[in-house]
Amino acid sequence: MNYISTRGKIAPITFSEAVMMGLATDGGLLLPETLPRVDMTTVSGWKNLSYQRLAFEIIRLFADDLPGHVLEDLIERSYASFKHPQVTPITHRDGLYILELFHGPTFAFKDVALQLLGNLFELLLEKQDRTMNILGATSGDTGSAAIHGVRGKARINIFILHPDGRVSPIQKLQMTTVTDDNVFNIAIRGTFDDGQAIVKAIFNDLAFKENYHLGAINSINWARVLAQVVYYVYAWLKLHGRGHQSVDFSVPTGNFGDIFAGYVAKRLLPEGLLNRLILATNTNDILARFVSRGDYSKGPVSATISPSMDIQVASNFERYLYYLRDEDSTQVVRDMEQFTATGTLDLSSLADRVTADFASRAVSEEETLVTIREFYTGHQYLLDPHTAVGVCAGRQFRDAKRPMVCLATAHPAKFGEAVARAIGKSPELPPALADLREEDSRCVILDADAEQIKSYLMEHARS
Ligand SMILES: *Cc1c(COP(=O)(O)O)cnc(C)c1O
C-alpha cells in the first residue's frame, strides 16, 4: 500500500517512508492511496483475538512493506508496557460503555500511539543506519508520552520543551524523572506558545533541521492515527460478542487525531457496523461548529479543565477534509490557502455528508464538573475531565437501538485538581504516579530563546 499527500504534490511512498516523513513535504498530510475495507467474514475471524493480535491484523493492511514477524514483534513490545492484559479494556456504566485507553506508562491515551511510534522509529532508523533528534514542545501530556515512547532508544535523542512552572507537578515529574541518557527535558522561562514558536522557528531553519536530523512527534504522523484505529475495532468486537451489530462512539476531541482514527475504522469495517462518531469538544468549539453547521473558523483559545483539548486549529482536520472533498487535492489546497489567509472556511454546503458520519456537542466547564460528580456518586466511577466531556456528549446522543462507547482518554489522577473541584476530594494516585520523586528528576531551565535552545541542542544532539 502506498501513501499520498492530501495536497497531491508528492510521488507515492511506502508506509515506512510515510512514518519517517511525518508531515508531507508539500505541506499536506499523508494518507493511504486507498482506504482498505474488510468483509464480514474477515471481521468475524477477528473476534477472539488478543489486542496485540488484532493490532497486527489491522496494521499489516496498512504497513505491507514490513515483514510480518517484524511487525508482530514490534506490536508485542509496544503493548507490553500497558498495565492491563486487555490493553484497552471496556466497562459498562449508566447505559454507556467506557473504553479505557489510559493503562499505558503515562496514564493517557497518547501512549497507545507513541509506544508504537517509538519502536517504529527505532526499527526504521536501524534499517537505514541513521539517527534522529526529536524536538517538541508540550503543555503536559504529549511530552511525557513521547519521552516514554523513545526512552533508552539507541539512535534517538529527545528534547522536550515545557513552560517552567506551568505544567502540573505530576506532569512535570512524569517527564523529568525519565533520566535515560537520551532524554533532555528543558523548562523554558515562558509559556507553551513560546515553546511552540521556538520549535517552529528551529524546524524552519532547514539547514539546521537537516544537519541535526530533527524529527517531530506531533499528532500528524500517520502511524499515530493507525495505532488508534485498532481500539475502535477492538471495542466493536467486544460489543458484537454481546449481541450488538452497530455501535456509536463518543470521542473527546482536540486535534482531530483520535476521532479521525475512528473515521478510518468506520471505513475499514463493513458498512453500518460503526454507526456514528460523536465529536465532543470543551468550550474551544471550532470542530463542534464545523460539524453542526459547516463553520470551520478560528476563535481565541481559552484555558479549560480539559487542557489537552484546548486547541484552535486541529492539525488532523485536513485528512478528513480530503475525503469530504472526494479526494480532490486541488480543492484541499484551495481550502487550506483560504483558511490560512482568512481563518475561516465555509463548508456548510457539505453539511449533509458530515452529519452522516458525525454528530457533535461543545461541553461547558460546569457540565464537565457535573458529569464527573454524577458519575462518581451515581455509578462509583471516576472520570477525568477530558473523558467527562465525551461522556456528557455521549449521553445526549445515545440511541436506544445501539450501544454508545465513550473513549476514556486519561486517568483521573492526572487531572486531580479538576476532579477535586467536582467531587470535593483528590483522586487516589496509582502507585506509579505516587512514587515519582523530585530527587530522581533531571531538567535544565533555559530562556525562551531559539538561539539558546539551538546551542543546547548542538551540544547534546546525536550525530
Ligand atoms: C490529546 C488528548 C485528547 C485529544 O485528542 P486528539 O487526538 O487531539 O483529538 C483528549 N484527551 C486527552 C487526555 C488527550 O491527551
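Colleague: Which residues touch the most other members in the largest nonpolar core?

Modeller: This is a predicted model, and in it the largest nonpolar core has 112 residues. Trp222, Tyr232, Phe249, Phe260 and Tyr296 touch the most other members.

Colleague: Which helix gives that core its largest share?

Modeller: Helix H10, residues 222–241, with 15 residues in the core.

Colleague: What other core lies apart from it?

Modeller: Another core, of 28 residues, lies apart from the largest one. Met309, Leu383, Val389 and Phe397 are among its members.

Colleague: OK, on to the sheet. What is the order of the strands?

Modeller: S3-S4-S14-S9-S10-S13. These six strands form an open sheet, and the pairing is mixed.

Colleague: Which strands stand at the edges?

Modeller: S3 and S13, the latter being residues 358–362. Each has a single partner strand, so one side of each is left without a neighbour in the sheet.

Colleague: How are neighbouring strands turned against each other?

Modeller: By 25° on average, with direction ignored.

Colleague: Let's look at S4. Is it parallel or antiparallel to S3?

Modeller: Antiparallel: S3 (residues 90–93) and S4 pair over four bridges. His92 stands opposite Tyr97, and Arg93 stands opposite Leu96.

Colleague: What sits between the two strands?

Modeller: S3 and S4 form a hairpin with two residues between them. Asp94, in the turn, has a positive phi of about 50°.

Colleague: And in which sense do S4 and S14 pair?

Modeller: In the parallel sense, again over four bridges, with S14 covering residues 404–408. Tyr97 has Val405 as its bridge partner in S14.

Colleague: How many of the residues of S4 are buried?

Modeller: Five of the five, residues 96–100, so S4 is largely enclosed by the rest of the structure. Both faces are covered: Leu96, Ile98 and Glu100 are buried on one side, and Tyr97 and Leu99 on the other.

Colleague: New topic, helices. What does H11 lie across?

Modeller: Helix H11, residues 257–268, lies across strands S9 (247–252), S10 (274–281), S13 and S14. H11 runs at about 170° to S10.

Colleague: How do H10 and H11 cross?

Modeller: Their axes come within 8 Å and cross at roughly 60°. H10 and H11 are therefore oblique to each other, and the crossing is right-handed.

Colleague: Which residues in H10 and H11 meet?

Modeller: From H10, the residues are Trp222, Val225, Gln228, Val229, Tyr231, Tyr232 and Val233. The H11 side includes Gly257, Ile259, Phe260, Val264 and Leu268.

Colleague: What about H13 and H14, at what angle do they pack?

Modeller: About 135°, with their axes 9 Å apart. H13 is residues 317–324 and H14 is residues 329–342. They are therefore oblique to each other, and their crossing is right-handed. Glu318, Leu321 and Tyr322 in H13 meet Ser329, Val332, Asp335 and Met336 in H14.

Colleague: Last one, Met175. Where does it lie?

Modeller: Met175 lies in helix H7, residues 169–176. Met175 is buried, with a relative accessible area of 0%.

Colleague: What does Met175 touch, not counting residues up to four places away in sequence?

Modeller: Met175 touches Thr138, Gly140, Gly143, Ser144, Ile147, Ile160, His162, Val167 and Asn185. Met175 and Gly140 are 35 residues apart in sequence and 8.6 Å apart in space, C-alpha to C-alpha.

Conventions
Residues numbered from 1 in each chain as written. Predicted model: local features only at pLDDT ≥ 70, side-chain atom pairs only at ≥ 80, totals over all residues. Heavy atoms only, no water. Core = buried A, V, L, I, M, F, W, Y, C linked by side-chain atoms within 4.5 Å. Buried < 20%, exposed > 50% of the residue type's maximum accessible area, 1.4 Å probe, protein only. Pairing = 2+ DSSP bridges. Axes fitted to C-alpha atoms, helices over the stretch in contact; angles between N-to-C directions. Contact = heavy atoms within 4.5 Å. Parallel < 35°, antiparallel > 145°, perpendicular 65-115°, else oblique. Left-handed = near helix turned anticlockwise from the far one by under 90°.
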